[in-house]
Each structure stands twice: as structure tokens, then as C-alpha cells.
Amino acid sequence: IQALHIVACGTSYHAGLVAKYWIESLAQIPVSVEVASEYRYREPAIGPNTALVCISQSGETADTLAALRYAKERAPGYVTTIAICNMPGATLVREADLRLLTNAGVEVGVASTKAFTTQLAVLYWLAVVLAKNHGRLSQEDEQAAVDRMHRLPQVVEQATSQAEGIEKLSFDLVDKAHCLFLGRGVHFPVALEGALKLKEISYIHAEAYPAGELKHGPLALVDEDMPVITVAPDDHLLEKLKSNLQEVAARGGELINVVADHVHLDETDVKHSVKVAGLEGALSPIVASIPLQLLAYYVALHKGTDVDRPRNLAKSVTVE
Ligand code: AGP
């Protein structure tokens with residue numbers, strides 16, 4: 001495989017965006033990620049030895065299924081099609097050439113949560129396997145990836161144990177009409193997902209931006225009524241992110257941070273933060289998603305909206 005096209009909707013699309021960072025850096029294979037409702041109505045250029053990956057919790061999403069069928073009709077086509085899905089008997093699973101099941105169990109709530117984190121886990125493995133097959137992974141690096149994955153449940157457990165602190169942060173958002181999520185690098189799609197979770201279940205208008213885009217527009221929105229939620233992992237972009245936080249603080253924006261446990265942020269900038277372990281290394285996007293899911297959950301709970309069945313939304317979007 002020399003290239004991957006990833007197609008999905010909503011949260012599954014965000015998982016695909018995270019995968020792009022992983023696959024391109026580990027395997028050096030170009031990856032494009034697109035929402036299925038756009039892909040199915042255009043004429044994508046398919047290069048040689050390109051695989052299509054469709055990600056869907058339900059495997060019944062109309063646009064994703066239509067994208068798979070459309071892709072299969074195209075010539076010259078894909079070398080293979082892969083479904084990443086949580087439902088073993090789903091149409092997507094049956095119609096794709098290959099399948100990777102996330103095995104998260106039945107997800108009751110309309111908002112995708114454990115489906116998302118398990119999609120990420122599967123996509124990380126895919127990145128590792130592709131890197132190995134392309135001769136870009138030493139045996140030590142492969143072992144390190146395996147060890148990292150084995151430790152993941154424990155790290156996620158630690159993140160969920162921060163629930164009390166996250167619930168306290170949630171009170172800052174309950175009465176707000178809008179908020180902004182910022183992230184950099186592989187944590188930008190995590191910010192997108194955090195914003196989607198919040199708007200879905202609490203009906204607060206939430207937008208996510210790559211933090212480096214602040215000055216290109218969204219900074220104009222920042223004032224004391226605009227909470228800005230950021231994930232500050234311990235990575236190579238931390239210093240860049242810190243200066244973005246200062247830009248927000250200087251405009252009176254209320255910063256709410258999910259921060260790596262050993263990272264120090266200037267307290268004059270950050271009003272509220274919760275420290276989380278495991279926000280470093282390759283799997284940080286999986287861990288960072290948990291506090292944002294919990295934040296959306298507590299905001300919805302305290303606003304009194306229906307956490308499991310948000311208005312106007314269906315678990316599986318089987319019509320266009
Ligand atoms: C996620 O919280 C949403 N309910 C929604 O965006 C969902 O991810 C999207 O409809 C795609 O669903 P799928 O993964 O079942 O294809």
C-alpha cells in the first residue's frame with residue numbers, strides 16, 4: 001500500500017484525522033481523510049496501490065456505505081477496502097474486502113465515546129503494522145508500541161479517576177452559550193471531538209481550531225464570555241501552545257485546561273485546569289479524549305439535557 005484514503009462521518013471522521021498523524025509519521029505513507037458525504041459526490045483521484053479505509057461505529061451510516069459502494073465502482077480502483085467497525089454483522093463489514101472490529105461492546109448513548117477510543121486503538125495498530133511492513137519500525141520500537149498499548153487501560157483508568165476535578169470545571173460552562181476548543185498537532189482532532197461531544201449533548205455551541213489559527217480569525221471572538229478549552233500534552237508543541245494560551249488570557253478569555261500532570265502552566269494565564277497522567281507519547285490522543293468526554297457529560301448532566309438521547313439526533317444515521 002502506497003497511500004490511504006480514509007472516509008467517515010462525525011466522530012469516526014475525527015478518529016481518521018488522528019490516524020493521519022500516526023500513519024504518516026510512523027509509516028511515511030500519505031493519508032487523506034474526508035467526510036463521506038463529500039467524498040461520495042466528487043471524483044477523487046486514486047493513485048496506484050491505494051487502500052480505502054471506512055470507519056464507522058455502526059457500519060450502517062448511509063453516507064459511509066454509499067462512499068464504499070461508490071469507491072468500489074471507480075476505475076482504476078483501490079487495491080483493497082477496509083472497514084473499521086464496532087458491529088460485526090454490519091453492512092459495511094460485509095461489503096468491505098477486509099475488516100477490523102473494535103469490539104467495544106454495544107454503545108448505548110447517541111454520543112460516541114468508547115467507540116471513538118477503540119477506533120483510535122485499532123488505528124494505532126494499523127499505523128504500527130503499516131510501519132513494520134514498510135520497514136520503518138525497529139524491533140525495539142515495535143516492542144515499545146506493544147508495551148504502550150498494554151499499559152493503556154491503566155492510563156485510561158487514571159484519566160477517568162480525575163472525574164471529580166472535571167466535574168468542577170464543568171460548572172464554568174453550564175451557563176455559557178459558546179466555547180472554543182484549541183489543540184495542536186495530533187491533538188487538534190481531539191479538540192474537534194471534544195467540541196462535537198459538548199455540542200451534541202449539552203447544546204452549547206462549540207468550535208475547535210488548531211491553536212496556531214487563533215490569530216487568523218477566532219481570536220476576535222475571545223472575551224470574558226468565551227471559555228477556551230485546551231489540551232496541553234507534554235509534546236514538542238507545548239511551548240507553542242503556551243504562547244497561544246497567553247494570547248487568549250491577554251484578551252480576558254477564560255482558559256480551561258486539561259494538562260499533562262508534570263507540565264507547569266502559568267497560573268496567571270490559566271483559570272482552571274485538571275492534571276491528567278499519560279498525556280505524552282503516541283497514545284496521548286486516546287487518553288486526552290477521556291477528560292473531554294467527561295467534561296461534556298458533566299456539563300450536560302448539570303444543564304439537565306439528555307446525555308444518552310440528545311434532541312434531533314439518531315445513533316445511526318441510515319438516511320442521507
Ligand atoms: C458521534 O458522537 C455522533 N453521534 C456522530 O457524529 C457519529 O459519529 C456519526 O454519525 C458516524 O456514525 P458511525 O460511526 O456509526 O458511522
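**View 1. Residues joining helix 8 and helix 10.** In helix 8, H187, V190, G194, K197, L198, I201 and S202 make contact (heavy atoms within 4.5 Å) with helix 10. Their partners in helix 10 are S284, P285, A288, S289, L292, Q293, A296, Y297, V299, A300 and K303. By class, this contact of helix 8 with helix 10 has 10 nonpolar, 6 polar and 2 charged residues. Nonpolar covers Ala, Val, Leu, Ile, Met, Phe, Trp, Tyr, Cys and Pro; charged covers Asp, Glu, Lys and Arg; the others, Gly among them, are polar. The model is predicted: local features need pLDDT of at least 70, side-chain atom pairs count only at pLDDT 80 or more, and totals for chains, interfaces and linings use all residues. Residues are numbered from 1 along each chain as its sequence is written, and side-chain values use heavy atoms, without hydrogens and water.

**View 2. Helix 7 against helix 10.** A163, I166, E167, L169 and S170 in helix 7 meet P291, L294, L295, Y298, V299 and H302 in helix 10. This contact of helix 7 with helix 10 divides into 8 nonpolar, 2 polar and 1 charged residues.

View 3. A ligand oxygen atom lies 2.5 Å from an N or O atom in the side chain of T61. Backbone atoms take part too. A polar backbone atom of S112 is 2.8 Å from an oxygen atom of the ligand. For T11, a polar backbone atom is 3.1 Å from an oxygen atom of the ligand.

Notes: Helix = DSSP H or I, 4+ residues; strand = E, 2+ residues; numbered from the N terminus. Polar contact = N/O pair within 3.5 Å; in protein donor to acceptor, adjacent residues only side chain to side chain.
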